[in-house]
Amino acid sequence: MSCTTSAALKFASRGLALTPGRKYFSSHKMPRITVDGVVAKLNGFAPESLCEKWDNVGLLIEPYLRREVSNILLTNDLTEMVMSEAMTLSAELIISYHPPIFAPLKRITQKSWKERIVTLCLQECIAVYSPHTCWDNVTNGVNDWLATALPLASSQPIQENLSNPSYGAGRICVVQGELTLRQAIDRIKDHTKVKAVQVARSHGCVQLDVPIRTFAACAGSGGSLLKGVKADLYITGEMSHHEILDATHQNIHVVLLGHSNSERGYLPVFRNILANMLQDFSDVNIHVSECDTDPITLHPIDRY
């Protein structure tokens, strides 16, 4: 299968050290787990109540037949290529960070790629679960992973959850030690495994060796959440042209990774988290998709 993998294999945030989970569990004395059981574990880690009001999270596709789970596929986006990969792996459950069903479906036919994925999931008895903003807002989730790209003295949610202030959207962080914009860019690229990033320097800044003392991080599309947040640097997946201009004219540097590139590196981290959650159950293989990639690639100008 000619797919590439995107993985960041190390993660530590807020004092939690994750030990690598076993990818495969097998013992005749250990019980098997069903889709419902895995969903309960997922909700134990990041309750669905943590999602944003506009989001569509949870168990989105539930086949009629209830199956024991032997293979779980983690992906950032459930595309047709990833669906084919899931079938090849004989997966019973796909955990897709982005919800493949977001806008309401009025029919399920073969005319659109999302409808075809739904029909295949039902035909092959493959369940689909999406955590999306639950993982963004939870402690040791996507935004905590992104924030650990830089050395942290402190980190807290930009928009705190009303029921638990340690949960919430985005992260506002104080840098530990001395750090320049140039060093920050290199660390972000190394942490996320993204080869090229887009950088907008603050208005009037002509060099990269300026100090970074504070930064704000928001995986995915961070323009609306980051607006008005005071920091030396914004780290996110994407922002609009005018949002970037507003930030740079407030003396804020911006690093853009690409929407899914700012999220995908968390999947290998969560594989270890999930492995630890399922260690009391037998015969569970957890796979990170090799076909899941950002749809946008950057090409050097000299190719044109």
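**Salt bridges in the predicted model**

Arg66 is classed as exposed, at 63% relative accessibility. The structure described here is a predicted model. Arg66 pairs with Glu62 in a salt bridge, in which the closest N and O atoms lie 3.7 Å apart.

The salt bridges number eight in total. One of them is formed by the side chains of Arg32 and Glu68, with an N to O distance of 3.5 Å. This pair links distant parts of the chain, 36 residues apart. Arg32 is in the loop between β2 (16-17) and α1 (35-45), and Glu68 is in the loop between β3 (58-61) and β4 (71-75). Both partners fall in the partly exposed class: the relative accessible area is 30% for Arg32 and 43% for Glu68.

A further salt bridge joins the side chains of Asp209 and Arg182, at 3.0 Å from N to O. Asp209 belongs to the loop between β11 (198-200) and β12 (214-221), whereas Arg182 belongs to helix α6 (residues 181-192), so this contact ties together parts that are 27 residues apart in sequence. Asp209 is partly exposed, with a relative accessible area of 41%, and Arg182 is likewise partly exposed, at 39% relative accessibility.

Definitions and conventions
Residues are numbered from 1 along each chain as its sequence is written. This is a predicted model: local features need pLDDT of at least 70, side-chain atom pairs count only at pLDDT 80 or more; totals for chains, interfaces and linings use all residues. Side-chain values use heavy atoms; hydrogens and water are left out. A salt bridge is a side-chain nitrogen of Lys or Arg within 4 Å of a carboxyl oxygen of Asp or Glu. Helices (H or I, at least four residues) and strands (E, at least two) are DSSP runs, numbered from the N terminus. Buried means under 20% relative accessible area, exposed over 50%, partly exposed in between (1.4 Å probe, protein chains only).
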